[in-house]
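Okay, thanks for coming, everyone. Let me put the structure up on the screen, and then I'll walk you through it.

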Amino acid sequence: MPRKPLIAANWKMYKNPTQTLAFFQEFLPMVAGHTRDEIVVCPPYIDLYVAIAEVKGSLVAVGAQDLHWEKEGAYTGEICPGMLLDIGCTHVIIGHSERRQYFGETDDIVNFKLKAALEAGLTPIVCVGEVLEEREAGLTEDVLRRQCLRAFHAISAKKAAKLIVAYEPVWAIGTGKTATPQLASEAHSLIRGEAAKAFSPVFSDNLRILYGGSVKPENVKGLMAETEIDGALVGGASLDPKSFAAIVKY
Ligand code: PEP
């Protein structure tokens, strides 16, 4: 069965609830009836409620950008899986490079969060990717192998059924530099190979692997033409409804 493409927006720390409302009022009519790709928007926590109310009755899903792995507890400032589910969130980004880089998120934390999301029934989008120094030192394959191995640790194929992976070379995020479709495709094959080892070949055949890193209306078509690329995780270009709709309709 072919893998259904998924186009996801990561708004990072942009837009308040008023701006979220305005985004969806413009965006939803532009993608009404679009069924070829799944569409997910991941706004900041504070906007989730408004976003979920707005997408009701549409084909657009809403995800969070992070979660805590415990079910509840004394963790000031954190949000747990049950809270996300209760307001109607279906997806969650885990291990984004900005979380790894600025908030000390380790491969082990990514693993805890992935287990918690799967356990709760959320669809996790786990981000992996090398930084520029690692690519230049020829370490890309080692880094991707390590990140996948540690993220998937002690998770069964059955539990991982909803898993989605995003390959996001850190040097391409917010820099305007996009990986070439071929380079992205090679990384995706490697990730798929790791998923085959961790879970099973059948699992990895069905695993959706998104590409992220300066995806724009102008370059999305070339990326999506690669059979290894099953969608996109879009940062900057997802903030404007017209540009995100153009990406969705590549
Ligand atoms: C991202 O934040 O995941 C991302 C890929 O950002 P950008 O599209 O701005 O490079």
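So, one definition before we start: when I say buried, I mean a relative accessible area under 20%, and exposed means over 50%, with partly exposed in between. Also, please keep in mind that this is a predicted model.

Is serine 214 buried or exposed? Its relative accessibility is 11%, so it counts as buried, given that the cut-off is under 20%. Its backbone is worth a look too: phi is near 55 degrees, a positive value in a residue other than glycine.

Alanine 154 also has a positive phi without being a glycine, here near 60 degrees. You'll find alanine 154 in the loop between helix H7, residues 140-151, and strand E6, residues 164-167. With 61% relative accessibility, alanine 154 counts as exposed, because the line for that is over 50%.

Okay, on to the inside. In soluble globular proteins, nonpolar side chains tend to be buried together. Here, the largest nonpolar core has 64 residues. Which residues have the most contacts inside it? Those are Phe24, Phe27, Val60, Phe152, Leu163, Tyr211 and Phe244. There's another core apart from that one, with 12 residues, including Leu6, Ala8, Ile164 and Leu210.

Let me stay with phenylalanine 244 for a moment. Leaving out residues up to four places away in sequence, phenylalanine 244 touches a whole list of others, among them Ile7, Phe23, Phe27, Ile39, Val41 and Val234. Phe244 is one of the buried residues of H11, and the others are Pro241, Ser243, Ala245, Ile247 and Val248.

Now some loops with charged residues. Start with glutamate 130, in the loop between strand E5, residues 123-128, and helix H6, residues 132-136. Its relative accessibility is 0%, so glutamate 130 counts as buried. Which side chains make polar contacts with that of glutamate 130? One is arginine 135, at 2.7 Å, and another is tyrosine 167, at 2.9 Å. Beyond its neighbours up to four places away, glutamate 130 also touches residues including Thr140, Val143, Leu144, Pro169 and Trp171.

Next, lysine 15, which lies in the loop between strand E1, 6-10, and helix H1, 17-31. At 23% relative accessible area, lysine 15 is partly exposed. A polar atom of its side chain lies 2.8 Å from the backbone oxygen of leucine 239. Leaving aside neighbours within four places, lysine 15 is in contact with Thr20, Phe23, Pro44, Asp47 and Leu239.

And then aspartate 66, in the loop between strand E3, 60-64, and helix H3, 81-86. Aspartate 66 counts as buried, at 7% relative accessibility. Its side chain makes a polar contact of 3.3 Å with the side chain of arginine 99.

Arginine 99 takes us to the pockets. The largest pocket has a volume of about 370 Å³. How many residues line it? There are 13, and Lys12, Met13, Gln65, Arg99 and Phe103 are nearest the centre. Helix H4, residues 97-102, gives the most to that lining, with three residues. By class, you've got six nonpolar, three polar and four charged residues.

The second largest pocket holds about 230 Å³ of space. It is lined by 14 residues, and the closest to its centre are Arg3, Ala161, Asn206, Leu207 and Arg208. That lining splits into seven nonpolar, two polar and five charged residues.

That's my tour, so let's open it up for discussion.

Methods: Residues are numbered from 1 along each chain as its sequence is written. This is a predicted model: local features need pLDDT of at least 70, side-chain atom pairs count only at pLDDT 80 or more; totals for chains, interfaces and linings use all residues. Side-chain values use heavy atoms; hydrogens and water are left out. On a 1 Å grid over the protein atoms alone, a cavity is a set of points where a 1.4 Å probe fits but cannot get out, and a pocket is an open set with protein on both sides within 12 Å along at least five of seven lines; lining residues have an atom within 4 Å of a point. Grid points are joined across faces, edges and corners, and a volume is the space filled by probe spheres set on the points. Helices (H or I, at least four residues) and strands (E, at least two) are DSSP runs, numbered from the N terminus. Ala, Val, Leu, Ile, Met, Phe, Trp, Tyr, Cys and Pro count as nonpolar, Asp, Glu, Lys and Arg as charged, and the others, Gly among them, as polar. A nonpolar core is a set of buried Ala, Val, Leu, Ile, Met, Phe, Trp, Tyr and Cys residues joined through side-chain atoms within 4.5 Å. Buried means under 20% relative accessible area, exposed over 50%, partly exposed in between (1.4 Å probe, protein chains only). Contact means heavy atoms within 4.5 Å. A polar contact is a pair of N or O atoms within 3.5 Å; within protein, one must be able to donate a hydrogen and the other to accept it, and residues adjacent in sequence count only if both atoms are side-chain atoms.
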